[in-house]
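Please keep the structure in view while reading.

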Amino acid sequence: MTLAPETVRRIARLARLRLEESEVQRLEQELGGILAWVEQLGRVDVSNVEPMTGAVAMALKMRGDIVTDGGDAETVLGNAPERIGDFYAVPKVVE
Amino acid sequence: MTLTDLGIAAARHGLGRREFSARELALAHIAAIEALNPRLNAFITVTAEQALAAADEADEALARGEGGPLAGIPLAIKDIFCTRGVRTTAGSRILGPFVPPYESAVTANLLRDGAIFLGKTNLDEFAMGSSTTSSAYGSTENPWKRRQNPEARLVPGGSSGGSAAAVAARLALGATGTDTGGSIRQPASFCGITGIKPTYGRCSRWGVVAFASSLDHPGPFGRGVEDCALLLRSMAGHDPRDSTSVDRPVPDYAAACRRSLKGLRIGVPREYRVPGMAAGIEEMWRAGESWLREAGAEITEVSLPHTEFGLPTYYIIAPAEASSNLARYDGVRFGLRRDGEDLIDLYERTRGEGFGAEVKRRILMGTYVLSHGYYDAYYLKAQKVRALIFQDFANAFAGVDALLAPTAPSAAFAEGEKTEDPVMMYLNDVFTVPADLAGVPAMSVPAGLDADGLPLGLQVIGPPFGEEVVFTVAAALERAAGFTSLPAIRAGSPAP
C-alpha cells in the first residue's frame with residue numbers, strides 16, 4: 001500500500017510541515033506501509049465498546065477561576081526568537 | 001569500592017556517616033563523564049559547575065545533620081524534563097535554543113529531596129524511538145559489547161537511552177526517564193539496569209515535554225530495584241498543575257522491596273510467547289518463573305487476548321496525540337525559527353527544518369488518522385481497542401497479583417540493523433506497549449545474558465497503583481538472578 005502523493009502533500013499542509021519532493025516520495029511508501037499494518041485492527045470486534053480516552057478512569061478536577069500566576073512578560077518572552085516590546089513578532093499578516 | 005560503583009542506598013549511608021563528601025561523590029561522576037561521554041554521548045548537556053555548587057550545599061546540610069532523602073545523590077536527567085536555566089532540547093533541533101524558565105514537577109521533587117543533577121541525557125527526538133539514534137545531537141552508544149564482535153556499536157535502546165547508558169556506565173547513580181511505549185523498560189533491559197514505569201498519574205507530567213499525553217509516564221532508572229524505589233518515592237506525588245496527577249499517598253517503596261512473596265499469585269501471559277523471540281529469552285523467562293516459585297509465589301498462566309493489537313493501537317493513538325502536542329512548535333514563541341515569505345511559510349519552514357524524519361513521519365501519521373473522514377476508522381477504533389486491552393489486564397488482575405514477561409523480544413541490536421523499515425523498529429515495543437496503553441505499572445530487572453554476553457531483562461507488571469507488589473516481585477527476581485555482569489565500557493575500567 002502506498003499513499004497518493006497529493007494525500008501526503010495535503011496532510012503535510014494540514015500539519016504545517018514543509019516537505020522536500022524526495023521526502024514526499026519516501027513518505028508515500030512509509031506511511032502507506034504503516035497504514036497497511038494498522039489495518040489489522042479491522043479484525044477486532046469493538047461493537048458496544050466505549051472508547052478509552054485516558055489511561056486511568058478519573059473525573060477531571062475543578063479549580064477556582066482565579067489568577068495564580070502571570071505579570072512577567074520578560075520571563076515569558078525570554079525564549080522568543082523575535083519580539084517587539086512586550087509582543088512576539090511575526091511577518092506581516094494583513095496588508 | 002570506587003564511588004561510582006555505589007548504589008544509592010550505599011551512597012546515602014556513606015554520605016550520612018561522612019565517609020566521603022557529596023563534593024567527592026559529584027567529582028568522581030564528573031570525572032567519569034569527562035572520560036567516557038565523548039565516546040558514549042549519553043549526555044547532551046553536562047552541568048558540572050551547578051552539580052558541584054549543589055554538592056557543597058548538600059555537604060553543609062549533611063554536616064548540620066539535615067538534608068533530604070536524596071541529599072548529595074548525583075543523578076542524570078533525561079533531556080525531556082524542563083530544568084530551570086538549563087537548555088532542554090528533547091533531542092530536537094527545534095528546541096535547540098530553548099532554556100526553560102521553570103522546573104518540571106518531577107525534577108523539582110528530586111531537588112527538594114537534595115538530589116544533584118549532573119546534566120541532561122540524550123534521547124530519541126521527542127522520545128519517539130527505541131534506539132536513541134534519532135536525536136539531533138547524535139546517537140548514544142550502549143556501554144555493553146558483544147563477546148564475538150566487540151567492535152559493533154550497539155544501541156542503548158530508547159527513547160531514554162542516554163539515561164540508561166549513563167547509569168550502566170557508572171556516569172550517574174540513577175536517572176530519570178519517560179516511558180510512552182517502553183522508553184524506560186526497553187533501554188533498562190538493553191543496558192543491564194533496572195527501570196520502572198509507574199502507574200499513569202503517579203508522577204506529574206508538568207514540565208515534561210509532551211509526546212503523547214495519555215501515554216507519557218515519567219519514572220526512574222537505577223542499578224538496583226531498591227535504588228528505583230528510593231527515586232520513585234521522591235519523584236511521585238500529587239501536582240495540581242497536571243490534571244491527571246493522582247492525589248493519593250506515596251508509599252515507602254523501599255520497604256516493599258523487602259517483603260515476602262509467600263502467597264502471591266504471579267500470572268504468565270501466554271500471548272507474550274511470540275514467534276521470532278531471540279534465543280535465550282524463553283529460557284530466562286522460565287528461570288524467572290522458577291525463581292519466583294522457589295521464593296514462595298504461585299505461578300499460573302493467564303490470557304491477555306488483545307496483546308497482538310497493542311502495537312497497531314499504539315501507533316494510531318501516540319502519533320495522533322503527538323501531532324496535536326507538537327503543533328505548539330511554530331517558530332514564534334520559543335525554539336528554532338526559520339523566516340518565510342509569510343506567516344504560514346514561516347511555520348512550514350521552521351517545522352520542516354526543525355523536526356527530524358521520524359518525528360515528521362509521526363506528525364503526518366497522526367494528522368492523517370485525525371483528519372476528516374478517517375477519525376472514526378482509525379482514531380476512534382484504536383481508542384476502543386485500547387479499552388479492550390485495559391480490560392484484558394483488569395480481568396487478569398482479578399486472579400493474579402502481578403504478571404511476569406520478558407521486557408523486549410531481543411537484546412541490544414547494532415546501529416543501522418533495524419532502521420530500514422519503520423514497522424520493524426516498532427516491533428521492539430511489543431511487550432512494553434500494552435502496559436502503557438493500560439496505564440499500569442511495569443518494571444524491568446536484568447535477569448541474565450544472551451549467548452553474545454548482552455543483558456536481557458524480565459518485566460514485572462502490576463495492577464493500577466500496585467507499585468509495591470511490583471517492587472516486591474522485582475526485588476525477589478533481582479536476589480535470585482544475582483546479576484553481577486558489568487558493561488565493557490564503564491567508569492574506572494580501561495577502554496576495551
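Does Gly85(A) count as buried or exposed, judged by its C-beta neighbours inside 10 Å? The model is predicted, and the answer is computed from its atoms. Gly85(A) has 7 C-beta neighbours inside 10 Å. A residue counts as exposed if that number is 12 or fewer, so Gly85(A) is exposed. Gly85(A) sits in the loop that runs between β1 (83-84) and β2 (87-88) of chain A. Its C-alpha atom is 46 Å from that of Ile34(A), and the two residues are 51 apart along the chain.

The predictor's confidence in chain A can be given as a pLDDT, which averages 92. In this chain, 99% of the residues score at least 70. Confidence is highest in helix α1 (residues 5-14) of chain A, with 97, and lowest in helix α3 (residues 73-76) of chain A, with a mean of 94.

**The sheet of chain B**

Chain B has an open sheet of eleven strands with mixed pairing. The order of the strands is β1-β3-β2-β4-β6-β5-β10-β11-β9-β7-β8. At the edges are β1 (43-46) and β8 (298-302) of chain B, each of which pairs on one side only. On average, neighbouring strands of this sheet are turned by 30° against each other, direction ignored.

| Strands | Sense | Bridges | One pair of partners |
|---|---|---|---|
| β2(B) and β4(B) | parallel | two | Ala76(B) and Ala175(B) |
| β5(B) and β6(B) | antiparallel | two | Thr194(B) and Gly222(B) |

Helix α5 (residues 161-168) of chain B lies across β1, β2, β3 (116-121), β4 and β6 (217-222) of chain B, and runs at about 155° to β4(B). Helix α7 (residues 225-235) of chain B also packs on the sheet, where it touches β4, β5 (194-197), β6 and β10 (442-449) of chain B. The direction of α7(B) makes about 145° with that of β6(B).

**Two crossing helices**

At what angle do the axes of helix α9 (residues 281-294) and helix α16 (residues 467-481) of chain B cross? They cross at roughly 105° and come within 9 Å. Angles of 65 to 115 degrees count as roughly perpendicular, so α9(B) is roughly perpendicular to α16(B). From α9(B), the residues in contact are Gly288(B), Trp291(B) and Leu292(B). In α16(B) they meet Val473(B), Ala476(B), Leu477(B), Ala480(B) and Ala481(B). Seven residues of this contact are nonpolar, one is polar and none is charged.

**The contact between the chains**

Chain B gives 52 residues to the contact and chain A gives 41 residues. On the side of chain B that touches chain A, at least two residues come from each of α10 (310-325), α11 (343-354), α12 (357-370), α13 (375-397) and α14 (422-426) of chain B. Which helix gives the most to this side? It is α13(B), with ten residues. By type, this side of chain B has 28 nonpolar, 13 polar and eleven charged residues.

Definitions and conventions
Residues numbered from 1 in each chain as written. Chains lettered and ligands numbered in written order. Predicted model: local features only at pLDDT ≥ 70, side-chain atom pairs only at ≥ 80, totals over all residues. Pairing = 2+ DSSP bridges. Helix = DSSP H or I, 4+ residues; strand = E, 2+ residues; numbered from the N terminus. Axes fitted to C-alpha atoms, helices over the stretch in contact; angles between N-to-C directions. Contact = placed C-beta atoms within 7 Å. Nonpolar A, V, L, I, M, F, W, Y, C, P; charged D, E, K, R; others polar. pLDDT = per-residue confidence, 0-100. Parallel < 35°, antiparallel > 145°, perpendicular 65-115°, else oblique. Buried ≥ 20, exposed ≤ 12 C-beta atoms within 10 Å, placed from the backbone.
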